There are 2 protein chains.
Amino acid sequence: MTIAFGDRLAAEFAAGRHLCAGIDPHAGLLAEWELADDAAGAERMGRDVVAASAGVAACVKPQIAFFERFGSAGLAALERVLADARDAGLIVVADVKRGDIGTSFAAYAEAWLAPGSPLESDAMTVVAYQGFDSLAGAFDLVRAQGKGLFVLAATSNPEAREVQQAVRDDGRTVAAAMVADAQRFNDESLADGSVGSGSVGSGSVGSGSVGSVGVVLGATLRLAEYGIETGGLAVSGTALPVLAPGFGAQGARIEDARAIFGGLGAALLANESRGILSGGPAGLAGRVRARAEAVAAALA
Amino acid sequence: MTIAFGDRLAAEFAAGRHLCAGIDPHAGLLAEWELADDAAGAERMGRDVVAASAGVAACVKPQIAFFERFGSAGLAALERVLADARDAGLIVVADVKRGDIGTSFAAYAEAWLAPGSPLESDAMTVVAYQGFDSLAGAFDLVRAQGKGLFVLAATSNPEAREVQQAVRDDGRTVAAAMVADAQRFNDESLADGSVGSGSVGSGSVGSGSVGSVGVVLGATLRLAEYGIETGGLAVSGTALPVLAPGFGAQGARIEDARAIFGGLGAALLANESRGILSGGPAGLAGRVRARAEAVAAALA
């Protein structure tokens with residue numbers, strides 16, 4: 001039986017796991033780990049983070065750019081990292097930020113989400129510069145194969161505001177509309193039984209209480225500036241998964257997560273990368289555990 | 001001596017070449033070619049299109065999603081297609097639509113544009129949902145290594161309008177601002193001598209008359225609806241490269257290109273995929289030549 005992605009998230013949250021551990025094998029961190037700046041180095045870091053995160057973090061999030069820079073060898077290394085994560089039953093959010101239309105976007109969805117694909121992950125980050133429905137090529141994988149999406153909504157870099165705060169025909173900002181569209185997708189999928197306890201979902205791990213399409217929202221932002229309401233969405237039928245970078249080295253404090261996200265934080269994945277990866281492999285397991293506990297405590 | 005990407009485009013245009021031949025090995029076309037729907041099939045189609053396009057088309061544009069769906073094997077196949085194109089001196093625009101920030105976007109730029117990278121191409125398509133300056137990690141490769149970018153501005157799918165026609169703080173649409181930002185980058189690079197005949201450019205192939213950062217504009221759109229002016233930009237110091245899908249099967253007529261793009265069409269790359277790829281490998285060279293001639297005639 002296929003379990004809906006949102007139900008898998010709900011099970012993680014029920015177990016007190018909200019940390020998303022980043023896998024960012026860029027040159028600086030590889031040097032700190034005394035690893036070569038090549039595909040083998042990236043693979044070593046990735047497999048170590050997977051081993052340290054299984055049963056401790058809710059998920060891992062490999063930044064695919066840092067593997068892609070090594071070409072096919074980098075993706076082959078990534079495939080071995082992903083296989084480790086599958087063996088460990090650890091959720092993988094592929095941070096690929098793919099976006100396109102029609103058969104092209106469907107091919108990206110096939111690459112990262114189709115069962116049996118060498119790059120198969122549980123969810124992927126996506127960009128909808130071409131409109132929310134440009135992502136339609138992934139919707140069947142979400143509805144029928146237990147896969148998830150995280151749609152970029154509002155991101156922390158200052159130059160992003162020019163696009164994400166732009167105002168649409170309907171008066172909403174681009175970012176607020178991404179949040180609303182993701183929520184609508186989840187509510188409709190629950191209503192028609194295509195995702196959740198009605199069909200794919202298993203009663204043992206959830207009941208459609210968490211959606212399978214989430215958003216990326218930077219934890220360092222003031223969401224009100226985007227017209228994103230943090231109070232109202234908790235009353236909706238499904239909690240919207242929020243993948244939030246920005247905690248730790250980027251400046252947001254996990255202790256402030258409730259204040260930052262309000263009702264939007266009911267299904268929060270707090271991403272941390274540098275705080276976990278800095279310092280090399282020696283203390284890795286301890287750092288992942290410490291950050292997982294801090295996140296759990298803040299969100300309890 | 002490194003030749004600026006814009007100068008390489010200018011040389012193609014001077015030779016009457018404006019066609020960008022798509023390489024889209026999706027399942028349907030591979031079946032039509034009697035090729036297996038796998039990495040080897042995609043490689044065969046890609047290498048055939050390269051062979052048919054060298055000296056005939058201005059560039060080839062592989063849609064990377066159709067290779068990525070085969071994982072590392074797909075990228076290895078793509079690497080061999082790219083090597084063929086380099087050997088043939090054919091410009092490659094990697095249609096990857098990558099977008100991210102900081103070191104992550106820089107890693108994508110390294111993957112697709114850095115000299116010596118296994119996936120090295122001449123230019124890549126990029127998405128700036130996180131703001132035009134989120135692309136900064138590629139700017140040095142443009143200025144110093146003769147590489148190019150095509151920034152998604154206005155695309156042909158109807159659901160794209162919700163984002164691309166959204167209005168920014170400064171009153172411009174998101175799409176119009178992408179066009180203006182690309183133009184500004186080119187003008188500033190020419191002014192400070194970092195791209196063009198002053199430094200990287202070679203006097204033998206151009207003089208900064210064509211910029212190295214272009215935009216993607218769908219040929220089926222009415223650009224006025226986006227506030228994109230098609231009259232004024234021709235007076236600028238550098239012509240803005242425009243990569244335009246939508247001709248042929250998608251409905252726009254190449255004969256109408258001048259009417260559609262006006263002054264924006266001075267550095268036009270007309271993309272065609274289905275019209276070239278449909279029908280299998282037998283008549284491929286003839287179809288590429290026929291489309292190249294039709295494009296040249298329409299733009300002469």
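Q: What makes strand β6 (residues 213–217) of chain A mostly covered?
A: In this predicted model, five of the five residues of β6(A) are buried. A residue is called buried when its relative accessible area is under 20%, and each residue of this strand therefore falls below that cut-off.

Q: How do you know which residues of β6(A) point one way and which the other way?
A: Side chains in a regular strand alternate between the two faces of the sheet. In β6(A), Val213(A), Val215(A) and Leu217(A) lie on one side, with Gly214(A) and Val216(A) on the other. Both groups are buried.

Q: What joins strand β1 (residues 19–23) of chain A to strand β8 (residues 267–272) of chain A?
A: Three bridges join β1(A) to β8(A), and the two strands run parallel. Leu19(A) stands opposite Ala270(A) in β8(A).

Q: Which strands make up the closed barrel of chain A?
A: The barrel has eight strands, in the order β1-β2-β3-β4-β5-β6-β7-β8, with parallel pairing. On average, neighbouring strands of this sheet are turned by 30° against each other, direction ignored.

Q: Why is strand β8 (residues 267–272) of chain B called mostly covered?
A: Six of its six residues are buried, which means that each has under 20% relative accessible area. Ala267(B), Leu269(B) and Asn271(B) lie on one side of β8(B), and Leu268(B), Ala270(B) and Glu272(B) on the other. Both faces of the strand are covered.

Q: Which bridge partner does Cys20(B) have in β8(B)?
A: The partner is Asn271(B). Strand β1 (residues 19–23) of chain B pairs with β8(B) in the parallel sense over three bridges. Strand β7 (residues 241–244) of chain B also runs parallel to β8(B), joined by four bridges, and Ala244(B) has Ala270(B) as its bridge partner there.

Q: What makes helix α1 (residues 5–14) of chain B mostly covered?
A: Seven of its 10 residues are buried. These are Phe5(B), Gly6(B), Asp7(B), Leu9(B), Ala10(B), Glu12(B) and Phe13(B). Their cover includes β3 (91–98), β4 (123–126), β5 (148–154), β7 and β8 of chain B. Gly16(B), with a positive phi near 80°, follows α1(B).

Q: Why does Ile3(B) count as partly exposed?
A: Its relative accessibility is 29%. Buried would require under 20% and exposed over 50%, so Ile3(B) belongs to the class in between. Ile3(B) is found in the segment before α1 of chain B. Gln145(B) is 142 residues from Ile3(B) in sequence, yet their C-alpha atoms are 7.8 Å apart.

Q: What angle do the axes of helix α5 (residues 71–87) of chain A and helix α5 (residues 71–88) of chain B make where they cross?
A: The axes cross at roughly 175° and come within 8 Å. Angles over 145 degrees count as roughly antiparallel, so α5(A) is roughly antiparallel to α5(B). The contact is formed by Gly71(A), Ser72(A), Leu75(A), Ala76(A) and Glu79(A) with Gly71(B), Ser72(B), Leu75(B), Ala76(B) and Glu79(B). Four of the contact residues are nonpolar, four polar and two charged.

Definitions and conventions:
Residues are numbered from 1 along each chain as its sequence is written. Chains are lettered from A and ligands numbered from 1 in the order in which they are written. This is a predicted model: local features need pLDDT of at least 70, side-chain atom pairs count only at pLDDT 80 or more; totals for chains, interfaces and linings use all residues. Side-chain values use heavy atoms; hydrogens and water are left out. Buried means under 20% relative accessible area, exposed over 50%, partly exposed in between (1.4 Å probe, protein chains only). Two strands pair if DSSP finds at least two bridges between them. Contact means heavy atoms within 4.5 Å. Axes are lines fitted to C-alpha atoms, for helices over the stretch in contact, and angles run from 0 to 180 degrees between N-to-C directions. Angles under 35 degrees count as roughly parallel, over 145 as roughly antiparallel, 65 to 115 as roughly perpendicular and the rest as oblique. Ala, Val, Leu, Ile, Met, Phe, Trp, Tyr, Cys and Pro count as nonpolar, Asp, Glu, Lys and Arg as charged, and the others, Gly among them, as polar.
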